[in-house]
Amino acid sequence: MLGIVALGLLLAALLAGWGWTRYQAFADAPVASGQTADSVRIERGDGFVRVLGRLREAGVDAGHDLEWRLLARQMDAAGRLRVGEYALSPELTPRQLLQRMRDGRVIQYRVTIVEGWNFRQLRAALAAAQPLLHETTGMDDAAVMAALGHPGQHPEGRFLPETYLYQRGDSDLDILRRAHDAMAQALAAAWEARAPDVPLKSPDEALILASIVEKETGQAHERPQIAGVFARRLQKGMLLQTDPTVIYGLGSAYDGNIRKRDLTTDTPYNTYTRPGLPPTPIAMPGRAALQAAVNPAPGDALYFVSRNDGSHVFSATYAEHSAAVDCHQRRRCRSGTATTAPAAGDAVGEAKPETGDGKDTRR
């Protein structure tokens, strides 16, 4: 009898050892012998058995269900798997996969709001983003703002240009809500750090000016100088005369070329016919444009014209400006007219669209 008992114990020990070795090999071996789906989703309310069923459906064929349950218990993952979409590949191990699911390391997608975009372009980008849920389809802009909790607010400029991460199940409203909150925080921080003599009465005016600076700027270091020109014009009561506001006021009528008649046709956004800032932002300004608007560079420049190479010539007088226009827009440089980069303290920037008669008409 003792021999039989000893033999039984030996067999049990061997079986247990074999089972443990198999279990250890399972935990750190590939989850599949062939191809798997690209991802698997855990839905709200899924128990471990249902999750394991989803893995089997996705091509995971490693291990016995009991081994998966034992591993999940050992890793303190049973009952703690988080909702979301998880990447799958045959070379993943069961241990790695359960760790991802326990820690909520879901697949993240990206959508970028570009500096200088208008709200129409932003909505188009969100509509094209996959697998983002499109809850705003069929809504007009006013309905979108109401859905975000800001009824009556004009949407232009209210969303901070950045790259936003999202996961499957998130919606365009989720992204817009985050971008709106981010802009509100960035604008508040910029306004708090504004220069004491900045000619702006409110954060909203700072946002409007920042949007103009964003549209006029092509090189990052140019923004404060561009802002300085507009700040001095506001202080002197001069018309801003900036083409991007005119273009925004034209809306869908803009065909890529701004003409003299466009500059003389009055709209709420025509800064050639109306003094001060336009009624709303004209684009989404980034953080740098916000900072430039509230901390414009000092100087005496009141005019700038494109060199057509990504930079501008800045001038303090109309005579200097006219010479720069002749040189860089009409290609009729006078003797002594600067054609190279400005000296330190001047500004450089992006080429500005020409008017229909080939002139920069800012005055």
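## Ser306 and strand β5

Ser306 sits in strand β5, which spans residues 303-306; strands here are DSSP runs of E with at least two residues, helices are runs of H or I with at least four, and both are numbered from the N terminus. With a relative accessibility of 1%, Ser306 counts as buried, a label for residues under 20% relative accessible area, while exposed means over 50% and partly exposed lies in between (1.4 Å probe, protein chains only). Ala324 is 18 residues away from Ser306 along the chain, and their C-alpha atoms are 8.8 Å apart.

This is a predicted model, in which local features need pLDDT of at least 70 and side-chain atom pairs count only at pLDDT 80 or more, whereas totals for chains, interfaces and linings use all residues. Residues are numbered from 1 along each chain as its sequence is written, and side-chain values use heavy atoms, with hydrogens and water left out.

## The whole chain

Stepping back, the chain has 13 helices and six strands. Of its 363 residues, 45% are buried. Among contacts (heavy atoms within 4.5 Å) with a separation of 6 or more, 67% are between residues 24 or more positions apart.

## Helices α8 and α9

Two packed helices are described by the angle between their axes and the distance between the axes. Helix α8 (residues 203-216) packs against helix α9 (residues 223-236) at about 125°, and their axes are 9 Å apart. That makes α8 oblique to α9: under 35 degrees counts as roughly parallel, over 145 as roughly antiparallel, 65 to 115 as roughly perpendicular and the rest as oblique. Axes are lines fitted to C-alpha atoms, for helices over the stretch in contact, with angles from 0 to 180 degrees between N-to-C directions.

On the α8 side, Leu209, Ile212, Val213, Glu214 and Glu216 take part, meeting Arg223, Ile226, Ala227 and Phe230 of α9. Sorted by class, this contact holds six nonpolar, no polar and three charged residues; nonpolar covers Ala, Val, Leu, Ile, Met, Phe, Trp, Tyr, Cys and Pro, charged covers Asp, Glu, Lys and Arg, and polar the others, Gly among them.

## Strands β3 and β4

Strand β3 (residues 109-112) runs antiparallel to β4, and four bridges join them; pairing requires at least two DSSP bridges. Val111 has Tyr164 as its bridge partner in β4.

In a regular strand the side chains alternate between the two faces of the sheet. Strand β4 (residues 163-166) has Tyr164 and Tyr166 on its covered face, with Thr163 and Leu165 on the uncovered one.
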